Amino acid sequence: MIFDFSDYDKLLPLVTNSLIAAALLGLMGGLIGIFVMTRDSSFAVHGISEISFAGAAVALLVGLDVVLGSVIGSAVAAILIGILGTRAKDRNSIIAVLMPFGLGIGILALSLYEGRTSNKFGLLTGQIIAIDSPSLFWLTGISIFVILVLVTIWRPLQFASLDTEVAKARGVATGKLGFGFLLLLGLAVAASVQVVGALLVLSLLVTPAAAALRVTSSPKLAPLLSVSFAMTSAIGGILLALGGGLPVSPYITSVSFFIYLVARVVEVMKKRSAKASVTKGLKA
Amino acid sequence: MTKEVVTISKSNGPVLRISKATLGYDERPLWSNLDLEVAQGEFIAIIGANGSGKTSLLRSILGQEKLNSGKIFLNEKPVSHGSRKIGYIPQSRTLDAHTPLLARDLLTMGLNGHRYGVPFTSRKDKSRVEHILGCIDGHELANLPVGQLSGGQLQRFRVGQAVIDEPDLILADEPLSALDLAQQGILADLIDRERKDHSAAVLFVTHDVNPVLDMVDRVLYLANGQFKIGTPDEVMRSDVLSELYGAQVDVVRNQGRIVILGTHGADHEHHDHEEWK
């Protein structure tokens, strides 16, 4: 049986920490995802997460805190991408060059590590059920920091991302904002890697925002939808995993993918009905 | 009421002062020793062929291009990287269909897009946006996604975006390109009316002076690494432009329009010359 919810009331208290973490990650991921989409940085998310994984793996090997290692990895990646890839065209190739190198170091570190194998896998595919209090503390801190900074720079970053030329003319520091955004993205990735794993970070930082932008062009509604999609995926994934007994990551990625599919269907239906109303208007 | 505040806040000196400015690459100057003072509310058309340095001049004023020598002052202060005293109208380019902005948000960004802090738009800002929507006849389009606006519609919002924060100077970089003649006329009139209402000076980059001929105070004509400044009647003449291009150029006036014949050849020669050098 895939789902068994008979012991649900007993299981739920055990995952309170994870649910809090998931809610925060959803809030953070949904918000920053909007900028990942509008700044066309999906590939940067992927690249940073692989190098974040490398940092975590090295930390695991040498006995340092894994979250710290992953934050350092992310920060190094974000800074390198920011410095070397100021032009959009350069950026993707820089990421493509850095990513396999980082992944290689990560794999090397894991193969040398002689501790529990679940730790190894967790970095790549997530470990939210096993999240402990110190990690939760880190996670909460990072997410709240990212959310607060993002809200504070929201307007200039939006101006710089969507209307670059005019923003520059108006004196908005588009270059510095872009760099700051990458650093925030690095932190967001480092936090998300702890929960969904390096390979699946995109499902929280990109998919929900991509779905939201399919169904709305309103700059107010888009982040609201994106956040609710990301939270639904993260929390819903955990709740489903409790009944399913499988690792949590596939549930999160599936929910998030399903929401995206629905968003695309809604988009097509909206376009159809808009066309239909035009035809009706012509006939009338 | 707002207007009174504006007239008080504006000083009496020139809005823009360009002094002995030279810009060029590989020792070939786009223009050299350019002196220009732009008075409040003055409308100046910057005309010239592709590659004559029109857009580079705007970029220099925005601090995005470093002069080889000379200085540029905005309200008597050296220019830095853009300014809130500048309104900018870019070329007409349709925006990506999935851009999460409604047409009215272009105006809002022009007003408070630079501001840090919790992104709430104050009631005062909202009513300002409504006012500008009225000026550009944009109420019906206000809640459309920007990706769905036509070129002409988008440029109307661009004009509103440029004037909404009461700039002293409007920089327009070929804002009429890619628009049909009728739309060019409508948009030129809109820019003229709005700059008068907001008493802003305009630097208007264009390769065709005709759409703005009626509203232009002075023309800055760039060609061949040189320039001429003056009223359209002083500059748009066969002898003046022939001298500028160093080749025979005929300026023909027909039904209030100016047609320049021969610049293509002149430019071409210039180009070939450059390539062989």
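Two strands are taken to pair if DSSP finds at least two bridges between them. Helices (H or I, at least four residues) and strands (E, at least two) are DSSP runs, numbered from the N terminus.

The model is predicted: local features need pLDDT of at least 70, side-chain atom pairs count only at pLDDT 80 or more, and totals for chains, interfaces and linings use all residues. Residues are numbered from 1 along each chain as its sequence is written, chains are lettered from A in the order in which they are written, and side-chain values use heavy atoms, with hydrogens and water left out.

**Exercise 1. Describe the six-stranded sheet of chain B and the helices that lie on it.**

Step 1. The strand order of this open sheet is β6-β7-β8-β3-β9-β10 (chain B), and the pairing is mixed. Its edges are β6 (86-89) and β10 (226-230) of chain B, each of which pairs on one side only. From one strand to the next, the twist averages 15°.

Step 2. β6(B) runs parallel to β7 (residues 169-173) of chain B, and four bridges join them. Within this pair, Ile86(B) has Leu169(B) as its bridge partner.

Step 3. Helix α5 (residues 151-163) of chain B lies across β6 and β7 of chain B, at about 170° to β6(B); angles run from 0 to 180 degrees between N-to-C directions, with axes fitted to C-alpha atoms, for helices over the stretch in contact. Helix α6 (residues 181-197) of chain B touches β3 (43-48), β6, β7 and β8 (201-206) of chain B, and its direction makes about 140° with that of β3(B). Contact means heavy atoms within 4.5 Å.

**Exercise 2. Determine the order and pairing of the four-stranded sheet of chain B.**

Step 1. This open sheet has the order β2-β1-β4-β5 (chain B) and antiparallel pairing. Its edge strands are β2 (28-38) and β5 (77-78) of chain B.

Step 2. Five bridges link β1 (residues 16-25) and β4 (residues 69-74) of chain B; Ser19(B) stands opposite Lys71(B) in β4(B).

**Exercise 3. Characterise the interface between chain A and chain B.**

Step 1. In contact are 26 residues of chain A and 34 residues of chain B. The two chains bury about 2700 Å² between them, 56% of it on carbon and sulfur atoms; buried area is the accessible area (1.4 Å probe) lost on being put together, summed over both parts.

Step 2. There are three salt bridges between the chains, each a side-chain nitrogen of Lys or Arg within 4 Å of a carboxyl oxygen of Asp or Glu. One salt bridge joins the side chains of Asp165(B) and Arg170(A) (2.6 Å, N to O).
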